[in-house]
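This report describes selected features of one protein model. Please consult the sequence and the structure shown below while reading.

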Amino acid sequence: MGPIALSNRNLKLKTCLMLYFWVALLFSQPKNVLVSTDYQSSFGTSEPSIAISRKNPEIMVIGTVLDGVYRSEDGGLTWEGKKLKSLYGVWGDPVLVADYRGDFHYFHLSDPTGRNWKSDEILDRIVIQSSSDGGQNWTPGSFTGFNPPKKQDKPWAVAHPSYHTLHLSWTQFDKYGSSDTADKSYILYSNSLDGGNTWSKPVQISLYPGDCIDSSATAEGAVPAVLSDSSVFIVWSRNDSLWINASSDGGESWLPIEQFLFPHRGGWKIAVPGLQRANGMPFLVADALSAQFRDHLYLTWINWNTKKNRYQVMVSRSTNKGISWTKPASVQDGGRQLARFAVTACVDQSDGTVYLLYYQQIDKRKPEYNVILKYSADGGKSWSKGIVINEKKILVSDKIFFGDYIHIDAWKGVVRPVWTNYDGIQTNVYTAILHKNQIKTYKR
């Protein structure tokens with residue numbers, strides 16, 4: 001065989017190998033990582049929230065129910081976990097936020113006596129703990145919303161990318177779980193101008209009250225978003241409707257009355273096969289930094305048709321600082337009869353890419369789920385096909401606490417979703433190793 005024949009043979013072999021590589025990649029899934037089981041609370045591990053360091057994307061922190069904190073220094077490949085402690089106790093609803101100075105902030109509920117529901121003091125404030133060393137050490141805790149005997153619940157927060165300010169919203173219950181019509185729920189707001197050390201006096205931004213049952217008639221699911229000029233927007237759900245309030249001066253003043261935004265079909269508390277508790281709460285994010293889509297707002301939620309038992313992942317966006325919003329559109333793939341829940345979102349402020357994450361039923365006859373990732377690279381005009389990012393199907397049980405939410409964060413192309421799975425004994429949290437440049441190659 002001559003040299004020309006050998007050369008052609010080698011070229012064909014190389015071509016075949018390259019083709020095999022790309023075909024394998026196109027039908028692959030991202031690497032999944034079980035977040036450390038170094039520490040687990042009595043509630044298992046669920047309701048994960050993640051934040052990626054804005055100074056070093058290799059460093060990231062996860063918070064979980066009830067009081068877990070996990071950190072990674074290698075981009076999420078390995079994790080170390082421990083119990084978070086504070087002066088005011090730790091009682092779930094973890095929210096992790098990375099500010100743009102390099103610090104992490106962990107928001108959670110309180111349990112100051114350590115006696116949980118045996119004590120009247122539980123949920124008496126929203127607690128904020130901060131870390132300036134990549135999640136190794138945490139401050140004892142500052143707080144806001146202290147207003148006993150009222151209960152403070154379901155917080156969410158956001159950091160401004162250009163200033164050292166934090167914005168926080170949550171639900172205040174007159175009496176948590178009460179069916180008494182005299183007991184009401186409202187949405188509150190507070191901010192910090194010094195990186196979480198001190199907090200403004202809480203402001204009630206909802207005029208219309210909800211009930212205190214902790215169901216769809218309760219004012220709940222408040223999520224804040226901040227624009228480049230420090231305008232703040234907060235969306236929540238109550239009585240099968242989505243409501244919005246806005247501040248044009250960084251949270252100093254608000255509209256005197258919240259505005260109806262969209263119908264929330266089925267309300268925020270929804271039923272899905274296999275779980276005793278699931279939700280379709282709204283999630284609001286904003287692009288406050290990228291050049292191309294700066295000051296765009298993106299809102300997502302789950303609509304549930306209770307009569308036909310159909311589920312839709314809805315999206316709307318505003319490109320004019322909340323003055324107007326696009327007509328809500330469903331963006332899920334597959335039939336509406338597949339159950340979907342716990343939708344969340346984030347914006348990679350470095351390039352404006354928007355990511356959605358949610359659970360979707362695999363087969364309508366079985367209570368088994370996938371975690372679906374979708375993204376938009378054109379400011380929310382169009383969305384990718386859903387990408388299955390879990391290697392193992394998501395099992396659920398109506399006998400365990402599965403958590404009310406999952407989460408995702410992204411920075412400079414590094415994308416880290418976190419979700420809960422159930423192994424038949426306990427719940428665990430997983431993440432996936434994703435990068436924007438690779439996402440298009442994964443199986444849909």
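The structure contains zero disulfides, a disulfide being a pair of cysteine sulfur atoms within 2.5 Å. The model is predicted, so local features need pLDDT of at least 70 and side-chain atom pairs count only at pLDDT 80 or more, while totals for chains, interfaces and linings use all residues. Residues are numbered from 1 along each chain as its sequence is written, and side-chain values use heavy atoms, with hydrogens and water left out.

Cys212 counts as buried because its relative accessibility is 0%. Here buried means under 20% relative accessible area, exposed over 50%, and partly exposed in between (1.4 Å probe, protein chains only). Cys346 is buried as well, with a relative accessible area of 5%.

Most residues other than glycine have a negative phi, and most peptide bonds are trans. Glu47 belongs to strand 2 (residues 46–52); strands (E, at least two residues) and helices (H or I, at least four) are DSSP runs, numbered from the N terminus. Because its relative accessibility is 1%, Glu47 counts as buried.

Ala342 is not a glycine either, and its phi is positive, at about 60°. Ala342 is part of strand 24 (residues 340–347), and its relative accessible area of 4% makes it buried.

## Cis peptide bonds

The peptide bond from Val65 to Leu66 is cis, with omega near 5°. Leu66 is located in the loop between strand 3 (60–65) and strand 4 (68–72).

Pro148 and Pro149 are also joined by a cis peptide bond, and omega there is about 5°. Pro149 occurs in the loop between strand 9 (142–144) and strand 10 (151–159).

## Two loop residues

Where does Thr198 lie? Thr198 is in the loop between strand 12 (185–192) and strand 13 (203–204). With a relative accessible area of 47%, Thr198 is partly exposed. Thr198 and Thr144 are separated by 54 residues in sequence, and their C-alpha atoms are 8.4 Å apart in space.

Lys307 is in the loop between strand 21 (297–305) and strand 22 (310–318). Is Lys307 buried or exposed? Lys307 counts as exposed because its relative accessibility is 81%.
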